[in-house]
Every structure is written in C-alpha cells, then in structure tokens.
Amino acid sequence: MNTIDTIAAIATPPGEGGVGIVRISGSNVWEIADQIFQAIENPSAKAGGTFLHGKVIDASGAEIDEGLCLIFRAPRSYTGEDTVEIQGHGGAVVMKNVLRRALEAGARMAEPGEFTKRAFLNGKMDLVQAEAVADLIHARSERAAAAALEQLEGSLSGQFNALYDGLVDIAADLETTLDFVEDELPDSVFPTLGNKLDQNFQTFGNLLSTWDEGRLLREGARVVIMGRPNAGKSTLFNALLGQDRAIVTHIAGTTRDVIEEGFVLDGIPLRILDTAGLREAECEIEREGIRRAREHSATADIALYLIDSSAPISSEDEEHLHRLDLNRTVVVLNKSDRRVDDFRLPIDGLHPVDAALLDGSGVEAIKQAIATKLEAGVNMNAPVHAVISERHRNLLELARTELLHAKEQLTGLEDEGVALAAEHLRSALEYLGQVTGRVYHNELLDNVFSRFCIGK
Ligand code: GDP
C-alpha cells in the first residue's frame, strides 16, 4: 500500500451517548494508536479483528478516557487501510479530547465522507454503493432505508455494470469492423449491432423508470396546502403533523412566508408546505400569497385544496378549481359541521374528502387520499428495490442520447458512420463509467462525498 496520510474523526453523532467512537485510518495508524492508547499490549502488536481494553492517555501519560481499541488490518477494514476505532465514553468533551490526542499524535482531521471516499479509492465499493452509505444515513423512512441497503449490497451497481459490459461488447464489435473494408463484412453485421443497441435502450428505460420513486424516497414528496383565507389550512397543517410530532423534522422554508415541515406517510417522506402567515394579511399581500401558493403548487407532487363549505362556494374557489391538475390535487371540503345545505362543487369528478378539521375528522381520509395519489405514479407496494438518484439519472440520460446518436450513425450509411458511431459509444461508456466510478475525476468525487458527514 502507498503511504497515505492518516485521518481521524469522531464517528458517532455529537451529544451524549453510551459510547462514542473515534476512527483513525491510514499509514501511521499504529504509531498513533501506540502513543495514545495504553493497554497490556500495543495496538500495533495486535492482529486484525481483535480488540484491546485500556485507556486513552495524553502526552504526559495522564488518562483521558477508558475504553476499547478495535484493530483492523488492511485490506480488511471499512476504508481498506489499516484502521483503529477507539470506543470511549460518548460525551462531547471526552470525544473531542480523544480526537485531539489522535491529531496531536500525527493524524489529520478527516473531511466529510473521507473514510468512504478511501473505501471507494481502495476498491472496497463502487461509487453507487458509496452513495448508498449516505442514503442509508439520511433515510427518513423504512422503505428508503431498505432501498439504500439494496443499493449498498450492489443490486443497482450490478445493473449498471451489466449495461456497461453490454455496451463494451458492442463497441468492441464496432471497432473490429473498422479494420475491414465494407465488402468483406457479412451483410448482417450492422443490423445485428443495431438490434443489440435497441436492447440496451430498453435497459436504460428500466433503470430510468425507477427515478420517480428514487426522488420520493430520497427527497420526499412535496405537498402544498392551498385554499382561501380561513378555509382551515393551518388547522390541517397542524392536524397532519400533530400525530407524528415525534418524527417531525423542521425543514427551513424556501421563502420566508412559507412554513415547511416533514413527516412520513406509508414509507414516503412528505414535506408539507403551508402559506400560513399570509392569511390575515392585507389584500395585496394576500394576492401575493396566492401567487406564491400557485407557484408552489406547480412544483408540488400533491396539492391539497381546502374549501370552506360553511358558505356557498366562492367564485375564487371556482376559478382555482378549474386551474388545478386533478391528478395531483386532493380537494377537501372542510367545516362539514357547519355545511350549508345547498353546497355544490362546480366540477364533476373531484371526489372531495369531507372533513371537520376543527375536531380532527377527515384527517385520516386526507392522508389516505394523498397516499393513493402518490402511489398512482409510483407503486409503493412493490417489493423494495434500489432506485436511481438524480446524479444517476443525469448521466444515464446523457449516455442514452449518445447511444441514440450511435444508432443514427449506424443506420445512416454515411462513409464515416461506423467511426462516428464508435465515438458516440465511447462517450456513452464514459458517462456510464462515471455512475459507478469506473471513470472519475476530482470534481465528481467532491460532488458525491460532500453529502456525507464527517466521520463516515
Ligand atoms: P386558514 O386561514 O386557511 O389557515 O384557516 P385556519 O386554519 O386558520 O382556520 C380558520 C378558522 O376556521 C379558525 O377559526 C378555525 O378554528 C376554523 N375552522 C377550521 N376548521 C374548522 C371546522 O372543521 N369547522 C369549523 N366550524 N371551524 C373550523
């Protein structure tokens, strides 16, 4: 193994816990571990897969913490390098002190995701698997975690590799034909290669079709609550979040006037947007509020359109209802406890949900309606499978376009056609290679690993 600098970081989350872990990896790990960890034997004398009980000591030999030192020998470690993990007491101060000792003894502070980056560079996993590590850590639902685990275990990498290998074969065949004059080649050569290309389009399509689910699992679905002032938007916002407060995470609003919160529904993380704060505003500001609500509804996966049914429907509601995309809208008739007798909706086929949100009635039916709309686009009941991310999608689209050009050149019968087709195939392979990291550059790695936390 080449000499590489030794990195260290606290691998456990900040705060208090039973155990805290400082991870140290690189060429000088034994020298560092021997200096800072005192036990009946030196860590450097121990075999991989073993551990020592002892204490972490400062430069003067005074005890900083007591705990375990886990020994990993290259290549059998997470990073593929020599590594130790010191398990101490999980307190912020103790962990900082242990880390400081590792730095004093010669390690350098790890960058975000640097342990995983080394795992990638040392061939322990490909880029798609490395990304799965971050997805697993960031997963906000069981389904998202299960999909990330599938990806970590290589199911997505396998599909990308099969696609890559298939294209390599075609490219090789194509390059071989360049060595012959056209008359020497059997007539079937190019049609056969064309057919093979077509089969690969299908595989591209299959992979790309997992993107919608991938986006929902990774980023969550955006649900925007719309409706006239006083329709009950804030009441609904609180009711939707109320029961799931324990797992609510606050997500900073995209604009100052929009409140956004998240919760998990049927395995899908949702981000609910409410335009609260504008409802009691002056008319002009209110118009701005409606404009923003519309703007949000345009990018939302689902719009919840609330109507106050304690009064006859207003012309504004009618106007809004006509504009909405019904495939993505759940219409809620609120205040059913005070419903006016002749309440009528202006459009058929809206299938509204009846609610009296003040006492919580209708909330479950609304959740059900959201889930049904979301699942209409993506089958969340299908067995969990690894799904592509935005990065994968962008590269797949680029590769598919190159493939399309290759096919055009192949069927175009131009003189240079075959050579140009081969060139497009090489570009396609270049893009595909960036997905799994067969081909990579620093910017690509920075982009992937900046999503990680320090210590992973
Ligand atoms: P927003 O302006 O759309 O956010 O509406 P709010 O959630 O602030 O509600 C406006 C008013 O309607 C409040 O006084 C609520 O208590 C009331 N409200 C909400 N839901 C119901 C309901 O189901 N029945 C009745 N009678 N009042 C409701």
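Student: How far is an oxygen atom of the ligand from a polar backbone atom of Ala231?

Tutor: The model is predicted, so local features need pLDDT of at least 70 and side-chain atom pairs count only at pLDDT 80 or more, while totals for chains, interfaces and linings use all residues. Residues are numbered from 1 along each chain as its sequence is written, and side-chain values use heavy atoms, with hydrogens and water left out.

The distance at Ala231 is 3.2 Å. A polar contact here is a pair of N or O atoms within 3.5 Å; within protein, one must be able to donate a hydrogen and the other to accept it, and residues adjacent in sequence count only if both atoms are side-chain atoms. A polar backbone atom of Ser234 lies 2.9 Å from a ligand oxygen, and for Leu357 the corresponding distance is 2.9 Å. Of the ligand's own accessible area of 580 Å², the protein covers 81% (Shrake-Rupley method, 1.4 Å probe; for residues, only the protein chains shown count as cover).

There are 16 residues around the ligand, and those that come nearest are Asn230, Lys233, Ser234, Thr235 and Leu357; a residue is near if one of its heavy atoms lies within 4 Å. By class, this shell has five nonpolar, five polar and six charged residues (nonpolar: Ala, Val, Leu, Ile, Met, Phe, Trp, Tyr, Cys and Pro; charged: Asp, Glu, Lys and Arg; polar: the others, Gly among them). Helix 9, residues 233-242, gives the largest share of the shell, three residues. Helices (H or I, at least four residues) and strands (E, at least two) are DSSP runs numbered from the N terminus.

Helix 8 (residues 211-219) has Trp211, Glu213, Gly214, Leu216 and Leu217 as its buried residues, where buried means under 20% relative accessible area, exposed over 50% and partly exposed in between, with a 1.4 Å probe and protein chains only. After helix 8 comes Gly220, with a positive phi near 90°.

Some backbone geometry remains. Most residues other than glycine have a negative phi, and most peptide bonds are trans. Lys335, not a glycine, has a positive phi of about 60°, and His351 has one near 45°. Lys335 sits in the loop between strand 13 (329-334) and strand 14 (353-354), and His351 is also found between strand 13 and strand 14. Lys335 is partly exposed at 23% relative accessibility, whereas His351 is exposed at 69%. Ala74 and Pro75 are joined by a cis peptide bond, with omega about 0°; Pro75 belongs to the loop between strand 5 (63-72) and strand 6 (83-90).
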